[in-house]
4 protein chains.
Amino acid sequence: MVDTTISNLGECKYKSPLGLNVKPAKEEDFGFVSESEKVRFSHEVDIDRPAVSELLFEKAGPRENIFFDPAKTRAAIVTCGGLCPGLNNVIRSVFLCLHHAYGVQEVFGIRYGYQGLNPAVGEAPIRLDADMVDRIHQAGGTILGSSRGNQPIPVMVDFLVKNNINMLFAVGGDGTQRGAQQITEEVKRRGLSIAVVGIPKTIDNDIMYVKRSFGYTTAADMAHEVLTCAHTEAKSYPNGIGLVKLMGRDSGFIAAGATIASQDVNFTIIPEIPLILEGEKGFLETLKRRILNRKHAVIAVAEGAGQDLLAGAGGKDASGNVLHGDIGIFLREKIVAYFKEQKIPVNMKYIDPSYIIRSVHANSEDSFLCDQYARNAVHAAMAGKTGLIIGLWNGFINLPIPLATGKRQYMNPDGFQWNCVISSTGQPIRWG
Amino acid sequence: MVDTTISNLGECKYKSPLGLNVKPAKEEDFGFVSESEKVRFSHEVDIDRPAVSELLFEKAGPRENIFFDPAKTRAAIVTCGGLCPGLNNVIRSVFLCLHHAYGVQEVFGIRYGYQGLNPAVGEAPIRLDADMVDRIHQAGGTILGSSRGNQPIPVMVDFLVKNNINMLFAVGGDGTQRGAQQITEEVKRRGLSIAVVGIPKTIDNDIMYVKRSFGYTTAADMAHEVLTCAHTEAKSYPNGIGLVKLMGRDSGFIAAGATIASQDVNFTIIPEIPLILEGEKGFLETLKRRILNRKHAVIAVAEGAGQDLLAGAGGKDASGNVLHGDIGIFLREKIVAYFKEQKIPVNMKYIDPSYIIRSVHANSEDSFLCDQYARNAVHAAMAGKTGLIIGLWNGFINLPIPLATGKRQYMNPDGFQWNCVISSTGQPIRWG
Amino acid sequence: MVDTTISNLGECKYKSPLGLNVKPAKEEDFGFVSESEKVRFSHEVDIDRPAVSELLFEKAGPRENIFFDPAKTRAAIVTCGGLCPGLNNVIRSVFLCLHHAYGVQEVFGIRYGYQGLNPAVGEAPIRLDADMVDRIHQAGGTILGSSRGNQPIPVMVDFLVKNNINMLFAVGGDGTQRGAQQITEEVKRRGLSIAVVGIPKTIDNDIMYVKRSFGYTTAADMAHEVLTCAHTEAKSYPNGIGLVKLMGRDSGFIAAGATIASQDVNFTIIPEIPLILEGEKGFLETLKRRILNRKHAVIAVAEGAGQDLLAGAGGKDASGNVLHGDIGIFLREKIVAYFKEQKIPVNMKYIDPSYIIRSVHANSEDSFLCDQYARNAVHAAMAGKTGLIIGLWNGFINLPIPLATGKRQYMNPDGFQWNCVISSTGQPIRWG
Amino acid sequence: MVDTTISNLGECKYKSPLGLNVKPAKEEDFGFVSESEKVRFSHEVDIDRPAVSELLFEKAGPRENIFFDPAKTRAAIVTCGGLCPGLNNVIRSVFLCLHHAYGVQEVFGIRYGYQGLNPAVGEAPIRLDADMVDRIHQAGGTILGSSRGNQPIPVMVDFLVKNNINMLFAVGGDGTQRGAQQITEEVKRRGLSIAVVGIPKTIDNDIMYVKRSFGYTTAADMAHEVLTCAHTEAKSYPNGIGLVKLMGRDSGFIAAGATIASQDVNFTIIPEIPLILEGEKGFLETLKRRILNRKHAVIAVAEGAGQDLLAGAGGKDASGNVLHGDIGIFLREKIVAYFKEQKIPVNMKYIDPSYIIRSVHANSEDSFLCDQYARNAVHAAMAGKTGLIIGLWNGFINLPIPLATGKRQYMNPDGFQWNCVISSTGQPIRWG
């Protein structure tokens with residue numbers, strides 16, 4: 001059975017300064033959330049099947065009583081890993097919610113990811129103020145800087161203690177949140193009162209119980225634009241092939257979302273579906289038929305697809321991610337070689353837009369999401385909750401970090417979204 | 001008690017050609033939807049409160065057995081009312097789902113809204129084909145044309161009968177769907193087998209049980225850009241005031257969404273919250289304090305706000321919407337007069353961007369939504385369901401039209417989204 | 001005869017720190033400009049016609065010897081009038097050229113236009129530094145603020161004297177430059193050594209001997225986007241008419257440029273060509289024929305067009321510009337009334353995008369222009385030149401202010417660019 | 001001495017249908033151009049130096065008398081080589097000018113570059129009409145398709161003869177225009193009356209006497225956006241290095257233009273300036289000093305830079321261009337290896353955006369240029385001029401093809417534009 005219980009640092013002795021209603025007049029009113037309020041795993045029900053006990057998550061939001069005294073709170077925020085549209089929005093909203101809503105005076109920005117929590121390798125934190133964050137949401141990147149990988153856990157906790165930091169907001173992906181969990185455990189071991197709250201950052205949209213991570217929509221928008229370029233190139237040359245490598249280390253959500261938005265893609269290749277090149281129902285022959293019939297093709301491939309076909313770089317990066325071979329380059333060469341062998345001249349145009357997609361500023365949808373993730377993280381931390389990330393599953397939820405990092409969110413080849421992709425591209429559901 | 005039952009034209013005697021699983025192996029797989037599958041009104045639960053009987057909606061999606069024989073089906077699609085980003089995407093996906101997924105050969109586009117169903121005033125329909133719809137999703141507007149208002153119901157039903165149309169997809173707002181309901185009833189009265197399925201179109205996001213209508217996100221993105229211009233103007237002049245009139249006849253969702261995305265707005269004025277100009281806690285004095293303190297201000301006003309303050313144009317437009325007085329012009333003049341009286345020189349910059357916002361093409365998020373609304377509408381119609389629109393409430397649902405048109409969706413001044421607006425602007429929750 | 005001689009404050013006793021070649025090895029090399037180098041008025045010649053004495057302008061650029069000692073120079077920059085894309089680029093490049101190239105330590109930004117030169121009404125100037133201007137070119141507007149109108153000349157000169165300002169860069173249009181000329185004359189009268197250099201700012205592109213003013217291309221780009229929206233609206237409704245009011249107080253360059261870029265406009269109405277509404281060859285009947293034939297029309301009207309048809313607001317604004325009646329509103333009402341009278345129902349969509357167009361940041365072309373105008377202005381001022389603006393006529397030139405403000409640049413109805421408009425719209429060259 | 005004389009097919013016996021004035025009333029009026037009208041090479045003059053005989057070009061534009069009878073004219077247009085923003089605008093304007101202005105009924109589009117002139121390898125041409133070209137300027141690419149390389153000259157001339165083509169418009173770069181010149185010569189050898197007119201297409205802006213080729217400004221705009229992404233990436237990581245490879249086989253104009261627009265680049269590396277990596281004044285040590293001082297750097301490198309450092313792929317592509325080694329990849333590896341050796345950890349982000357830049361649609365400035373190049377090409381061809389391209393040098397000119405293809409246009413390291421780059425980046429003028 002999945003345990004969705006959130007750890008608390010202790011009794012909430014302070015009254016929240018937010019001044020909301022305890023029991024809102026109407027259900028849809030915004031008010032303090034009681035600990036008995038839960039969010040259901042499933043929003044569906046089959047009235048012909050007997051009810052089963054269902055998974056319930058803790059509802060995120062402001063609590064009437066809080067653990068920390070705002071006047072004595074010192075908060076820190078750290079951004080880790082690869083860039084993602086919306087990081088500056090999150091930094092800004094965490095600061096504004098702490099500062100304006102709760103009256104916390106001291107909020108620090110940790111420089112360059114977890115490096116900034118290790119004095120041996122990192123820079124000193126900067127103290128944030130309202131002027132500094134005023135316009136940052138209009139730019140991509142992170143004003144705090146980022147880096148990959150964790151630092152020694154005891155060193156980071158020492159840093160928090162030495163700097164009297166009461167709460168740490170860790171914005172990052174899988175590896176970052178595993179680090180946050182280890183910090184939480186070390187904090188507990190030492191009997192400290194430091195809240196650790198994660199804000200999930202995954203441009204790939206692949207963290208469990210995070211249905212829509214911030215930055216994803218913006219990335220799909222940008223990827224859509226690149227696919228339009230690939231389509232233009234492909235159509236402009238005889239037997240033109242536009243091949244675009246998109247993000248997606250383990251999950252093909254960006255490739256799928258951009259495909260559905262673009263409607264110009266003929267083949268979407270994702271990690272969840274084994275890539276089979278050879279054979280009549282393999283990718284290469286299918287592509288050949290398309291080229292012979294229509295004289296052009298657009299292919300979107302997620303970076304993590306087809307890794308079994310590659311010699312494999314082996315090893316892991318500083319974040320602990322498996323280092324992938326380059327499926328884009330591999331596929332480009334395979335396709336070119338195949339058509340050469342088939343004596344069909346093709347015009348191959350390969351695009352690898354990764355840094356262009358992830359470094360832009362957030363669109364409206366993502367701006368809204370960032371604001372929500374940030375505020376809910378602050379509410380959780382002020383209430384003394386720790387070892388959690390903010391999830392989004394039929395509503396914002398407080399989610400134990402291990403549930404989020406235990407496994408990834410994958411696209412279901414038999415599910416609804418992949419069906420939409422297939423409907424748009426006309427490709428087979430599976431290869432071979 | 002709310003009745004969520006959907007009407008059916010009759011027994012589903014045909015096997016769906018979609019070839020999906022009847023009972024998917026895993027719950028999250030995509031498969032035929034059984035009539036016992038429901039979507040819950042609420043995704044939340046309070047474990048300390050006794051369970052109450054809850055509102056359940058019919059789940060949208062493809063059915064195993066269908067009412068219409070695809071080979072004999074003639075479908076028509078009509079787009080009505082004001083432009084909204086994504087109309088062409090909807091037209092395209094309705095056609096593609098009918099054509100490719102179900103094998104329907106004859107799909108017609110009705111010209112210029114309901115006018116095209118009245119031979120006395122309208123043009124003949126056009127027959128859609130794959131080439132015609134190929135690239136239309138890349139342009140704003142509607143290739144079919146649109147118009148406001150209904151035509152005589154019997155005339156429109158006569159037209160459908162005369163042209164052997166079996167199913168009508170009506171893309172439009174409140175008035176359009178009320179028309180669709182009347183057509184449904186007339187069809188029933190005559191004992192005909194014509195399915196009428198509505199696809200909700202509301203850039204204002206104000207249709208009940210339609211949590212996110214297509215076009216809304218794109219509109220908020222565009223509105224965000226305009227607000228940035230207003231902010232630039234306001235900051236560049238002494239006591240600069242940037243006033244932007246945004247869409248929102250009855251509901252302030254666009255104004256609210258753009259405010260949250262922009263974070264540059266100081267006052268958001270929406271129909272749901274009475275506008276009080278005078279008095280110490282009125283809008284004008286609050287604005288004055290802002291100007292004296294900060295020397296510039298940005299105001300976003302929804303078109304339907306403050307109507308009680310206007311003489312009122314009275315009457316209704318062809319869609320049956322109450323004709324609003326122009327709150328933008330009114331507010332501009334009130335503000336200028338007030339500051340003149342106060343002997344404070346201000347620089348007023350007024351922007352009314354309506355047509356610029358609604359005529360652009362859909363962004364990625366909206367492209368995805370359009371595709372879903374369209375496909376679910378086709379699935380419903382093929383199954384012989386009628387008198388419904390596709391809703392989106394914790395998932396896509398089949399919704400009886402009267403439930404959707406009975407009342408509008410409003411922003412709750414005590415709810416969560418308005419709280420976000422207040423947090424961003426710093427304005428009071430209510431005036432006066 | 002036109003006098004193109006530029007006034008000088010006196011002998012250039014200092015050696016320029018720019019370290020360029022005096023007489024460049026090759027003609028196309030960049031080097032110090034000698035006073036004998038001129039730019040021709042005409043780049044054309046008819047070999048069958050006898051040569052006539054031709055108009056020559058002083059070539060802009062860095063001089064080997066300069067009048068001001070950089071170590072003792074205090075410069076000020078002021079931005080006046082309406083916003084224009086590129087103002088921040090100009091501010092930035094003036095600062096960087098003074099600071100990095102010449103080593104000037106003190107550069108001040110005057111707040112809110114000429115108001116900032118009058119202590120009775122304005123704010124104190126701000127001292128610019130490298131950090132402050134670092135990213136400003138990425139935003140529209142002006143970080144210094146702007147205002148309309150001049151202040152009393154003696155007061156402004158007093159301010160310069162009191163603050164030991166040696167050189168003033170005035171970025172603005174016709175009225176601003178006339179003010180700059182009066183300051184120059186007052187400075188001369190008092191025997192002071194203050195250089196006054198104008199940088200022409202005219203989104204309308206209507207200053208004489210300024211073939212391409214900064215901001216114009218960006219504005220045409222934005223106007224093009226708005227025209228696309230108008231076209232979408234017009235095409236989407238029966239007898240749809242999209243009417244867009246564009247900038248152009250006296251000259252139709254933006255309307256013409258956007259028309260040529262868009263290729264969607266059917267009627268371009270500019271101040272240079274009298275608007276005749278009535279009669280068979282008048283605008284209204286021509287529009288009617290278009291609507292009857294093609295069922296939609298797009299109209300771009302420059303704000304200064306057809307003023308003789310308006311009652312006329314009379315009076316002038318603070319910049320001395322004649323206050324125009326609103327031709328957009330006028331035309332909208334005339335068209336609606338005309339078609340009502342003709343019993344032809346039309347769908348009129350009116351767009352007035354002015355503030356959206358002028359407040360965006362500069363595109364690449366304009367960024368380059370801004371940089372050039374700014375650097376050449378600094379070179380002129382350091383050499384002690386005064387009472388000039390930087391022109392662009394077959395190359396950058398130093399132009400006596402009275403030549404620039406003596407008359408405006410108009411579009412020639414018999415010239416080349418208007419011919420391009422006519423070729424695109426298909427409208428008659430003249431009305432009536 | 002440079003010969004600027006343009007070849008003619010013969011006597012111009014037909015009256016132009018354009019109905020312009022022969023000798024315009026005012027010099028600036030648009031009218032028929034007489035053969036005695038010339039455009040000067042230099043728009044500058046030094047009044048202290050004796051006048052030298054100067055280079056004069058033939059002025060482009062419509063002629064009063066034309067060689068071809070519009071009623072009997074069959075024209076063809078071909079687009080060759082790499083994509084460039086504006087190709088569809090050129091196709092459209094050539095068609096519209098031929099069709100509407102001259103009344104030519106038959107205009108053909110050759111498919112996929114010169115391949116379409118060789119029946120053995122190419123597809124049949126398509127006949128263009130007004131509907132087909134109506135909206136094409138809103139999309140990137142070329143609706144005709146393109147390919148690299150020439151086809152056998154006699155075969156292409158045979159094709160023109162067989163299809164009764166009287167005039168060929170060849171849109172392409174250096175290699176394409178050399179092919180056009182060979183076609184011209186073969187046509188002359190056979191005594192045929194076929195006009196061959198080139199329209200210069202070079203996103204690199206490197207064709208002689210073509211000061212601003214269409215597509216360049218759009219490409220610089222897009223490159224500017226990519227540089228902003230590189231800057232965001234570089235700033236977000238400790239010792240972040242953003243390296244962007246831009247177009248520019250032989251000339252660094254795009255890299256330079258984008259650098260000036262962006263103002264975020266620290267090192268611009270172009271083919272015209274030898275790249276020296278090693279040594280105190282070499283690139284690597286200079287970069288190291290920057291990284292140690294500022295902790296991030298942005299580098300823009302033109303694809304043709306530093307070729308002497310590469311092993312060199314050798315050989316030529318189908319267009320006859322020397323195949324370059326990949327300087328982007330080379331530099332990335334060199335930099336990474338250097339800093340590893342120096343034991344300075346850096347974060348390298350490499351972006352190669354080529355296809356994203358060249359496949360977008362033209363901005364307003366380029367739309368205008370496309371229209372002008374196209375119309376002037378049509379005017380030249382109708383007048384029976386042949387073996388020319390349209391140049392732009394102080395105005396549009398008719399330029400003998402050999403003058404344009406004889407040598408390339410390079411950026412002058414001692415010239416003005418490079419000085420602007422240096423001023424922006426702060427890098428040394430030359431390496432080593």
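In this predicted model, chain A can be laid on chain B by a turn of 180 degrees and a shift of 0.0 Å along the axis, with an RMSD of 0.0 Å. That is the relation of a two-fold axis. Among the residues of chain A, A:His43 comes closest to the rotation axis, its C-alpha lying at 2.7 Å. Both copies use the same surface: 100% of the contact residues of chain A recur in chain B.

Next, chains C and D. Their contact takes 43 residues from chain D and 43 residues from chain C. On the side of chain D that touches chain C, the elements giving two or more residues include the strands β3 (37-40), β4 (44-46) and β5 (56-59) of chain D. The helices α5 (216-235), α6 (253-262), α10 (364-382) and α12 (416-425) of chain D also give two or more residues to that side. α10(D) gives the most, with five residues.

By class, the side of chain D that touches chain C divides as follows.

| Class | Residues on the side of chain D that touches chain C |
|---|---|
| Nonpolar | 14 residues |
| Polar | 16 residues |

Strand β4 (residues 44-46) of chain C is joined to β3(D) by three bridges. The two strands run antiparallel. Within this pairing, C:Glu44 stands opposite D:Val39 of β3(D).

Methods: Residues are numbered from 1 along each chain as its sequence is written. Chains are lettered from A and ligands numbered from 1 in the order in which they are written. This is a predicted model: local features need pLDDT of at least 70, side-chain atom pairs count only at pLDDT 80 or more; totals for chains, interfaces and linings use all residues. Two residues are in contact if their C-beta atoms, placed from the backbone, lie within 7 Å. Helices (H or I, at least four residues) and strands (E, at least two) are DSSP runs, numbered from the N terminus. Ala, Val, Leu, Ile, Met, Phe, Trp, Tyr, Cys and Pro count as nonpolar, Asp, Glu, Lys and Arg as charged, and the others, Gly among them, as polar. Two strands pair if DSSP finds at least two bridges between them. Copies are superposed by least squares on the C-alpha atoms of residues with pLDDT of at least 70 in both.
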